[in-house]
Amino acid sequence: MDLVTIMKTAVFAPLLGAFLIPFAARISTPARNVLAVSLGLITFLAAAALLPRALSGQVAAYTLAFPLGFDLTLSADMLAVFMAAVSSFTSAVILVYSVDYISHYENQTEYYTMVVLFLGSMMGLVFSMNLVWMYVFWELTGFASWRLVGFFRKDTDVQKANKTIMVTVFGALCMLAGILMIYFANGTMDLRHLRGETISTLAAVLIMAGILSKSATLPFSTWLPDAGVAPSTVTSLLHAAVLVKIGVYAYARIFGVTVVVSDGFYYGVLVVAGLSALISAGAAMIEKDIKRIIAYSTVSQIGFIFLGLAAGGKTAFIGGLLYIMMHSVAKGGLFLCAGIIEQKTHTKDITRMGGLFRAMPVTAVSFALCSLSVMGIPPFGGFFSKFLVFRGAAETGSLFVLAVFLVGAVMTLLYLIRLFYLVFLGEEKQDAPREGSFTMVASVAFLALLGLALGAFVHYPANYAEILTSQIGAIE
């Protein structure tokens, strides 16, 4: 199969396949579930098949012509393929986990439709080489997340879902204004033609507002913890696999490898990211809701990714890319563990838990392993990404910002230890629950062990990221 066909499969299989799920549901529930999981697996396999081709220097390109420069241009370069593989892999695991997790809830058909549409929109955004099409797919993910956050249909859930879409759409409109400024100044929205072009600080700030809103970074971070009212599979999808990663990917694509902005802009990004990492880590230390704690952790860790991507220098950028992958695996595992805990204890309040290690040993160990990776403890994959980000930031002289992030790293250690202790250790506060289903427990155990394996074999993704940064040339 040629490269273009594989890339089109990665984009259009989930994007168009999502609309077949309601028809499959009319046949039978198993048919619907099998189709949804199959679409997730096909997307991942297509993205994974592009990895060795991209590594060897092959780049697929496909263009569907539209008037006035609004061509739908897809390109599978190393950065796009890396992000597609990471996102589709975590999404596929979430879909497998969902089969048991979501089985006793209503609105299952809409759930699977929106999750797969979400994945397809992400693939479209990742491979898009046109700013306006990036925006279109950006908004499609917002629509899907709106429906998913309000999945349970309670009044408070709908309010949180509405908050999610209002914050992210506001940011997206700012982003669109910035994109139009670039178009009027340069006569194109094709990222390949904008390579090396200097854009105005105002356009950059407007686009950055959209990125910060989607990546749940200060001052737009409050919607993400509130999105914890959604099923844990949805929060895992939002936090680990797709939604907040869209922001950091867009930053890497637009500001990391394409356009040039003033140095003050990049320093401003570092300051905002540092404050976001520190404040959200503080919130995680006092929160009692298990999903909100992990959500605040996500806001904090996204700041570390921005540190790697915005600090400047090859080492930090490689660390930022690895951070995206390591965080996706570990944070996805934490949210899926939280899903098992919530279903079996019927509460999200960690002060009402305790002693769950004896009742849920596999979930407890998986939660611990994923936490160790997020903390950055060797030999887990999270250690190497965090080390490279810190080392790269030190090499570029961003010492004040680095000191802020070091404090944030210590706070990460503290709030995750507190969380594990209150949930799994200490005195039992309710009748001992049982482990989740085999599929659910196997999914979290797989992600936990993968976080360890990524540390043991970190050379392979690190080598890919190093070649990527060498090819793009924008990172010195």
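Mentor: This is a predicted model. The largest cavity is lined by Q301, Y323, M326, H327, S373, V374, G382, S385 and K386.

Trainee: Which elements give two or more residues to that lining?

Mentor: They are α14, α16 (361-375) and α17 (381-395).

Trainee: What is the general idea behind finding such space?

Mentor: Rolling a probe the size of a water molecule over the atoms shows where empty space is left. Here the largest cavity holds about 50 Å³. With a threshold of 30 Å³ or more, the count is one cavity.

Trainee: How many nonpolar, polar and charged residues are in the lining of the largest cavity?

Mentor: Three are nonpolar, five are polar and one is charged.

Trainee: Now the open kind. How much space lies in the largest pocket?

Mentor: About 540 Å³. Its lining has 20 residues, and L51, A85, M325, L454 and P461 are the closest to the pocket centre. By class, 17 of the lining residues are nonpolar, three are polar and none is charged.

Trainee: Let's step back to the whole fold. How many helices and strands does the protein have?

Mentor: There are 20 helices and two strands.

Trainee: How do I judge whether the protein is compact?

Mentor: Compare its radius of gyration with that of a compact globule. For 476 residues the globule value would be near 23 Å; the protein has 21 Å, so the two agree. Along the principal axes, the C-alpha trace spans about 65 × 55 × 40 Å. Buried residues account for 61% of the 476.

Trainee: And how do I read contacts along the sequence?

Mentor: Take contacts between residues at least 6 apart in sequence. In this protein, 81% of them join residues at least 24 apart.

Trainee: Can we try one residue? Is V401 buried or exposed?

Mentor: V401 is buried, because its relative accessibility is 3% and the cut-off for buried is under 20%. V401 sits in helix α18 (residues 399-424).

Trainee: Which residues does V401 touch, leaving out those up to four places away in sequence?

Mentor: V401 touches Y267, L270 and L307. Look at G303 too: V401 and G303 are 98 residues apart in sequence, with their C-alpha atoms 11 Å apart in space.

Note on methods: Residues are numbered from 1 along each chain as its sequence is written. This is a predicted model: local features need pLDDT of at least 70, side-chain atom pairs count only at pLDDT 80 or more; totals for chains, interfaces and linings use all residues. Side-chain values use heavy atoms; hydrogens and water are left out. On a 1 Å grid over the protein atoms alone, a cavity is a set of points where a 1.4 Å probe fits but cannot get out, and a pocket is an open set with protein on both sides within 12 Å along at least five of seven lines; lining residues have an atom within 4 Å of a point. Grid points are joined across faces, edges and corners, and a volume is the space filled by probe spheres set on the points. Ala, Val, Leu, Ile, Met, Phe, Trp, Tyr, Cys and Pro count as nonpolar, Asp, Glu, Lys and Arg as charged, and the others, Gly among them, as polar. Helices (H or I, at least four residues) and strands (E, at least two) are DSSP runs, numbered from the N terminus. The radius of gyration is taken over C-alpha atoms; the globule rule is 2.2 Å times the number of residues to the power 0.38. Buried means under 20% relative accessible area, exposed over 50%, partly exposed in between (1.4 Å probe, protein chains only). Contact means heavy atoms within 4.5 Å.
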